[in-house]
Amino acid sequence: MAPLCPSGSLAWKVAGRAALIPAVQALQIATETNCITEFLQESESQLRKVKLMERQGLLYGVPVSIKDSIDCQGHDSTLGFIKHLNKPAAEDSVVVQVLKRQGAIPFVKTNVPQSLISYDCKNLIFGQTRNPLLYTRSPGGSSGGEGALVGGGGSILGIGTDVGGSLRFPAAFCGICAIKPTGNRLSKRGVMSGIVGQKAVAAAVGPMAKDVESLALCLRALLCEDMFSLDSTVPPLPFNQEVYSSTEPLRIGYYETDFFTMPSPAMRRAVRETKQLLEEAGHTLVPFELTNVDHVVFNYCVRGMFTDGGRSFVKNFKGELEKGSTALFLWLAKAPHWLKTLLCWISKPFVPRFSSIIRSMEENTVDEVWNLHQEIEDFRHQFIAQWNKLNLDVMLCPMLGPAFGIGYPAKLSVAVSYTMLYNALDFPAGVVPVTLVTDEDEEQLKGYRGYYQDWWDRTLPKAFRGGVGMPVAVQCVALPWQEELCLRFMKEVETLSLKKNSFF
């Protein structure tokens with residue numbers, strides 16, 4: 001695992017020690033992992049412009065990598081679709097515009113899975129991206145190219161997106177940090193989506209870096225007047241440094257499992273050890289019980305994203321060849337109603353989760369869509385009420401890991417439960433690596449059974465297996481619009497983990 005040392009910190013770079021584009025490192029990582037889709041040639045002229053800037057922004061001279069789906073003027077945003085090739089964006093996305101005004105230099109675009117609706121990273125145009133820590137493992141997705149490039153040391157700051165874990169999976173799998181903000185904290189103008197127009201599951205733009213301080217500096221730079229004037233739909237909430245810098249003890253909720261996806265031994269240990277470190281540091285840890293996560297996954301997330309029966313999703317793939325990572329959803333979306341009904345009935349006693357996915361892929365009426373949105377809103381308020389009843393500041397949660405073997409994310413779509421919950425809730429959620437998989441974790445994996453004992457539960461331990469030495473992360477969660485508190489909690493977890501684990 002790449003060490004988290006000061007020289008890898010964005011703050012160190014900004015301090016003026018080294019503000020040159022890391023082209024050599026990026027090229028090396030790209031060769032090893034296939035994570036870069038395009039070098040932005042204009043970054044050289046952008047560097048010259050930055051040197052002449054009267055006002056040196058917070059990201060002065062910092063090279064930044066950009067996810068394929070985020071528009072950069074003159075470059076394609078393919079989403080892994082051939083039909084989007086040679087259709088360069090007319091202008092920069094708002095996020096890229098603000099980065100440039102803060103002195104940052106976007107220098108590459110990075111790979112994604114076809115359609116973005118996957119936590120692997122493969123498409124027909126650019127191929128499979130590999131994990132920089134172990135090439136036989138997936139880097140996660142859909143911001144997988146970013147995870148591989150930052151995790152491998154080829155970029156000190158990356159910008160990605162998250163609609164079900166797409167920032168958090170690559171960060172966890174590649175041993176780095178990331179934060180998914182509240183959906184509208186950063187502008188999404190000029191950011192392409194895999195399912196245009198769906199609002200049930202909140203998407204977000206966010207940063208990825210080797211350390212939490214770099215994430216905080218990035219958000220501090222982005223949450224500025226330029227962001228608010230370029231996109232007036234973004235609430236004018238500047239970064240609250242006082243909250244981020246606070247040292248007051250926290251009241252922290254925690255859970256080890258969501259009772260839907262059984263955690264790997266390493267995931268469970270990561271939460272337990274982090275809980276102990278936080279308690280020893282003077283924080284109060286309070287058990288939090290999750291209920292009905294299966295209902296959230298199927299009835300809010302899957303149904304919310306495919307509320308038209310998947311017709312919009314299918315339309316994206318017209319004329320396209322590579323469909324591997326989304327084959328199940330595509331097949332169900334194309335299946336006639338009578339076949340879905342039959343399969344749902346037949347599979348329910350034997351594979352209840354498969355039956356639930358089929359049911360969730362039915363086409364909804366307008367009235368049903370409105371009711372769904374009301375249900376999700378009610379669920380958010382109920383969750384917040386449970387949170388407030390326990391008087392919590394933040395929440396410590398498991399994060400899927402270690403990184404799956406290549407190909408397994410496509411077989412395990414249901415394993416997104418730990419991350420997608422916080423897209424449905426639209427809470428800020430960050431990821432921090434806290435430990436490495438041990439031989440004992442690997443041995444205990446032999447007893448993995450899962451909660452349903454279905455095909456997915458039998459496949460999960462195979463995906464985890466062989467991960468000794470790979471990083472395992474935890475999630476840090478806060479209430480909506482409290483990104484600074486989320487980052488403050490992440491920083492505490494990072495600091496305590498670094499003190500304990502000399503291998504980071």
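**View 1. Y119 and F169 are both buried**. Buried denotes under 20% relative accessible area, with exposed over 50% and partly exposed in between (1.4 Å probe, protein chains only). The model is predicted: local features need pLDDT of at least 70, side-chain atom pairs count only at pLDDT 80 or more, and totals for chains, interfaces and linings use all residues. Residues are numbered from 1 along each chain as its sequence is written, and side-chain values use heavy atoms, with hydrogens and water left out.

**View 2. Aromatic pairs, including Y119 with F169.** A search of the whole structure finds 21 aromatic pairs. Rings of Phe, Tyr and Trp (its six-membered ring) pair if their centres lie within 6.5 Å; planes under 30 degrees apart count as stacked, over 60 as edge-to-face and the rest as tilted. Y119 and F169 are stacked, at 4.4 Å centre to centre and 20° between the planes. This pair links distant parts of the chain, 50 residues apart: Y119 lies in the loop between β3 (105-110) and β4 (122-123), and F169 in helix α6 (residues 168-174). Helices (H or I, at least four residues) and strands (E, at least two) are DSSP runs, numbered from the N terminus.

**View 3. F383 and F427 form an edge-to-face aromatic pair**. Their ring centres are 5.7 Å apart, with 80° between the planes. F383 belongs to helix α16 (residues 366-389), whereas F427 is in the loop between α18 (417-424) and β12 (429-436). Both residues, F383 and F427, are buried. One aromatic cluster is formed by F288, Y300, F379, F383, W387, Y422 and F427.

**View 4. R353 lies over the face of F260**. The distance from the ring centre is 5.1 Å. A charge sits over a ring if NZ of Lys or CZ of Arg is within 6 Å of the ring centre and within 35 degrees of the ring normal.
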